[in-house]
Amino acid sequence: AVAEVTDLYYQAERYQTDSGFSASGQKFLQAAEKKLQKLSRIDQGKEEQRYIALLLAWNAELLDEPERAALYYENLLLYDEGFRDGYGEYGMFLIRREQKGASEKLWKDYQEKEKNYEQSTCNRLRRRSQCSNSEMLPG
């Protein structure tokens, strides 16, 4: 199914100019978005869902629809708030949109979430270790 979307990108590429895509190229990109939206509604694995969400965001960028692209990136991060590549792609999008401050804030937010995740994981492992040790102690 994703191969069909890829084919649409190759067709749209023929209609790309220095200033963007012609009306014909935009039709291929709009068709790709519709197919991707349908794919995103099908229950798939986490990795596939993330990939589809990224394609939707990139597609919106190609259509020069930055608000829609931002929405797709934000939805991706809501779906998987620990997805490092999602933060990186969204941050680069913000830089391309000349929003360096927003990009830096996004990266700091990610680093904070990563730090909190590592701490909570470490705490869970400690609790399990203590529970395992206490269960082994003679009572």
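Morning, everyone. Keep in mind that this is a predicted model.

Overall layout. The protein chain has six helices and two strands. In sequence order, the pattern is α-β-β-α-α-α-α-α. So what does the overall shape look like? I mean the spans along the principal axes. The C-alpha trace covers about 75 × 35 × 15 Å. Now the radius of gyration. A compact globule of 139 residues would come in near 14 Å. The protein chain has 21 Å. Buried residues account for 29% of the 139 residues. The chain exposes about 9,700 Å². Carbon and sulfur atoms supply 50% of that area. Take contacts between residues at least 6 apart in sequence. Of those, 42% join residues at least 24 apart.

Next, helix α3. It runs over residues 46–62.

Which residues of α3 are buried? The list is Gln 49, Arg 50, Ile 52, Ala 53, Leu 54, Leu 55, Leu 56, Ala 57, Asn 59 and Ala 60. What do they pack against? Four helices: α1 (2–13), α2 (23–41), α4 (66–79) and α5. After α3 comes Asp 64, with a positive phi near 60°.

Look at Arg 50. It is an arginine in α3, and it is on the buried list. Which residue does its side chain pair with? Asp 80. The two side chains make a polar contact of 2.8 Å. Arg 50 also touches Leu 76, Tyr 79 and Phe 83, leaving aside residues up to four places away in sequence.

On to salt bridges. How many does the structure hold? Eight. I'll take three of them.

Start with Glu 61 and Arg 96. Their side chains meet at 2.9 Å, N to O. This pair links distant parts of the chain. Glu 61 is in helix α3, and Arg 96 is in helix α5, residues 84–96. They are 35 residues apart.

Second, Glu 65 and Arg 68. This salt bridge is 2.6 Å, N to O. Glu 65 is partly exposed, at 23% relative accessibility. Arg 68 is partly exposed as well, with a relative accessible area of 34%.

Third, Lys 105 and Asp 109. Here the N to O distance is 3.1 Å. Where do these two sit? Both are in helix α6, residues 100–136. They are four residues apart, so about one helical turn separates them. Asp 109 is partly exposed, with a relative accessible area of 33%. Some salt bridges also share partners, and these join Glu 33, Glu 65 and Arg 68 into one network.

To recap. Helix α3 puts its buried residues against α1, α2, α4 and α5. Arg 50 makes its polar contact with Asp 80. Glu 61 ties α3 to α5 through Arg 96. That's it from me.

Note on methods: Residues are numbered from 1 along each chain as its sequence is written. This is a predicted model: local features need pLDDT of at least 70, side-chain atom pairs count only at pLDDT 80 or more; totals for chains, interfaces and linings use all residues. Side-chain values use heavy atoms; hydrogens and water are left out. A polar contact is a pair of N or O atoms within 3.5 Å; within protein, one must be able to donate a hydrogen and the other to accept it, and residues adjacent in sequence count only if both atoms are side-chain atoms. Contact means heavy atoms within 4.5 Å. A salt bridge is a side-chain nitrogen of Lys or Arg within 4 Å of a carboxyl oxygen of Asp or Glu. Buried means under 20% relative accessible area, exposed over 50%, partly exposed in between (1.4 Å probe, protein chains only). The radius of gyration is taken over C-alpha atoms; the globule rule is 2.2 Å times the number of residues to the power 0.38. Accessible areas come from the Shrake-Rupley method with a 1.4 Å probe; for residues, only the protein chains shown count as cover.
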